[in-house]
Amino acid sequence: MKTSILNLAGVRTLSKMEQKKVNGGTCENMYFIHNTTQYQCENEEFGVWLGGSTNTCRVGSC
């Protein structure tokens with residue numbers, strides 16, 4: 001099926017980094033900080049609080 005899709009005009013295979021961006025993986029300017037608090041994440045790091053068992057904060061975006 002991949003061969004028939006790639007035969008369409010203007011279609012190309014995505015690089016690993018492009019695939020991660022589409023699938024919601026980390027990007028070049030994105031990193032995670034573990035063992036932090038929600039206050040530190042949102043107010044000091046300007047990140048997105050993910051919480052979980054490791055109290056994780058995601059900083060940066062694509």
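Select Gln 38 to begin: at 40% relative accessibility, Gln 38 counts as partly exposed, a class that lies between buried, under 20% relative accessible area, and exposed, over 50%, with a 1.4 Å probe and protein chains only. Gln 38 belongs to helix 3, residues 38-44, where helices (H or I, at least four residues) and strands (E, at least two) are DSSP runs numbered from the N terminus. This is a predicted model, in which local features need pLDDT of at least 70 and side-chain atom pairs count only at pLDDT 80 or more, while totals for chains, interfaces and linings use all residues. Residues are numbered from 1 along each chain as its sequence is written, and side-chain values use heavy atoms, with hydrogens and water left out.

Now display the open sheet, whose three strands take the order 1-3-2 with antiparallel pairing, two strands being paired if DSSP finds at least two bridges between them. Strand 1 (31-33) and strand 2 (48-51) stand at the edges with a single partner strand each, so one side of each has no neighbour in the sheet. Between strand 2 and strand 3 the antiparallel pairing runs over three bridges, and Val 48 has Arg 58 of strand 3 as its bridge partner.

Finish on Thr 56, in strand 3 (residues 56-59), which counts as buried at 7% relative accessibility. Its contacts (heavy atoms within 4.5 Å), not counting residues up to four places away in sequence, include Phe 32, Val 48 and Gly 51.
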